[in-house]
Amino acid sequence: MNFKVLFVSSALALGVAGCMTPMATAPAPAPVAVTSAAEFVPTATSSNLFEIESSRLALQRSRDPEVRRFAQQMIRDHNAAGRRMTSTVRRAGVPTSPPAMNAKHQQILATVQAAPDFDAAYVNAQLMAHQEAVALFTSYSQNGDVPQLAQFAGATLPTLEMHLEHVQALGGGTARAM
C-alpha cells in the first residue's frame, strides 16, 4: 500500500472517530497558584460577571426548566457573591478597577450565544467556569496575601463547589473545550 494512501486513510479514520465521540472530556484546569489580590480580584470578578451574564442569556434562550432553574440560582448567588467581594475589597483597602469581563470570558460568552445547541453550550461553559473558579478560590483562600480577601474566598468556596456539583449533574459531568 502506498504510504500517502495509508497516511490519508489513517487520518480520515481518526477524524471520523473523533466526530463520533458525543462529548469529549475537557482536561481539568491546571492548578492555579494565585496568591496576590492584584490577580485574584480581577480574575474572580470576570468569572463572576461571566456566570451572571451567561445565565441571563440562558433565561432568555433556554426552554429546559432545569437549565433555567440553574441559571436563576447562578444570577442570585453570583450577584450576592459580587456584593460581598466588593465590600471585602473596600474594607481591606485593595485598589481595584471597575468590574469587567476579561477577553477570555467575553469570547466564551460569544461562543455560547452563537451555539446551535444553546443549552449544551451553556452547561459546558458553566462547568468549565466553575472548575476554574473552584481552583482559583481554593488557591487564594489558602495562600492569599490579603487575609480578609482570603477569608472571603474560603467562605465562598462551598457555594462554588455546590454550583459545580449541580452543573455536573446537568451536563453528565463532562465538558468540551470551547
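This is a predicted model: local features need pLDDT of at least 70, side-chain atom pairs count only at pLDDT 80 or more; totals for chains, interfaces and linings use all residues.
Let me begin with a term that comes back throughout this talk: a residue is called buried when its relative accessible area is under 20%, exposed when that value is over 50%, and partly exposed in between, with a 1.4 Å probe and protein chains only. By that rule Gln73, at 12% relative accessibility, counts as buried, and Gln73 is found in helix H3.

Residues are numbered from 1 along each chain as its sequence is written, and side-chain values use heavy atoms, with hydrogens and water left out.

Now the overall picture. The protein has six helices and zero strands, where helices (H or I, at least four residues) and strands (E, at least two) are DSSP runs numbered from the N terminus. Of its 178 residues, 38% count as buried. A contact, in what follows, means heavy atoms within 4.5 Å, and among the contacts with a separation of 6 or more, 80% are accounted for by residues 24 or more positions apart.

Let me turn to how the helices pack. Two packed helices are described by the angle between their axes and the distance between the axes. The axes here are lines fitted to C-alpha atoms, for helices over the stretch in contact, and the angles run from 0 to 180 degrees between N-to-C directions. How do helix H2 and helix H5 cross? The axes of H2, residues 37-61, and H5, residues 118-143, come within 10 Å and cross at roughly 160°. H2 and H5 are therefore roughly antiparallel to each other, since angles under 35 degrees count as roughly parallel, over 145 as roughly antiparallel, 65 to 115 as roughly perpendicular and the rest as oblique. The crossing of H2 past H5 is left-handed, which is the word used if the near helix is turned anticlockwise from the far one by less than a right angle, and right-handed is used if clockwise. Among the residues that make this contact are Phe40, Ser47 and Phe50 of H2, and Tyr122, Ala125 and Tyr140 of H5. The contact residues divide into 14 nonpolar, six polar and two charged, where Ala, Val, Leu, Ile, Met, Phe, Trp, Tyr, Cys and Pro count as nonpolar, Asp, Glu, Lys and Arg as charged, and the others, Gly among them, as polar.

One of those residues, Ala125 in helix H5, is buried, with a relative accessible area of 3%. Ala125 and Leu109 are 16 residues apart in sequence, and their C-alpha atoms are 8.2 Å apart in space.

Helix H3, residues 65-92, also meets H5: their axes come within 11 Å and cross at roughly 35°, again in a left-handed crossing. The residues making the contact include Phe70 and Met74 of H3, and Tyr122 and Gln126 of H5.

What about H3 and helix H6, residues 147-171? Their axes come within 11 Å and cross at roughly 170°, and H3 and H6 are therefore roughly antiparallel to each other. The residues of that contact divide into 13 nonpolar, eight polar and three charged.

Finally, the aromatic rings. A search of the whole structure finds five aromatic pairs, and rings of Phe, Tyr and Trp (its six-membered ring) pair if their centres lie within 6.5 Å, with planes under 30 degrees apart counting as stacked, over 60 as edge-to-face and the rest as tilted. The rings of Phe40 and Tyr140 have centres 4.4 Å apart and planes at 15°, so the pair is stacked. This pair links distant parts of the chain, with Phe40 in H2 and Tyr140 in H5, 100 residues apart, and both Phe40 and Tyr140 are buried. Phe118 and Tyr122 form another stacked pair, 6.0 Å centre to centre with 10° between the planes. Ring pairs also link Phe40, Phe137, Tyr140 and Phe152 into a cluster.
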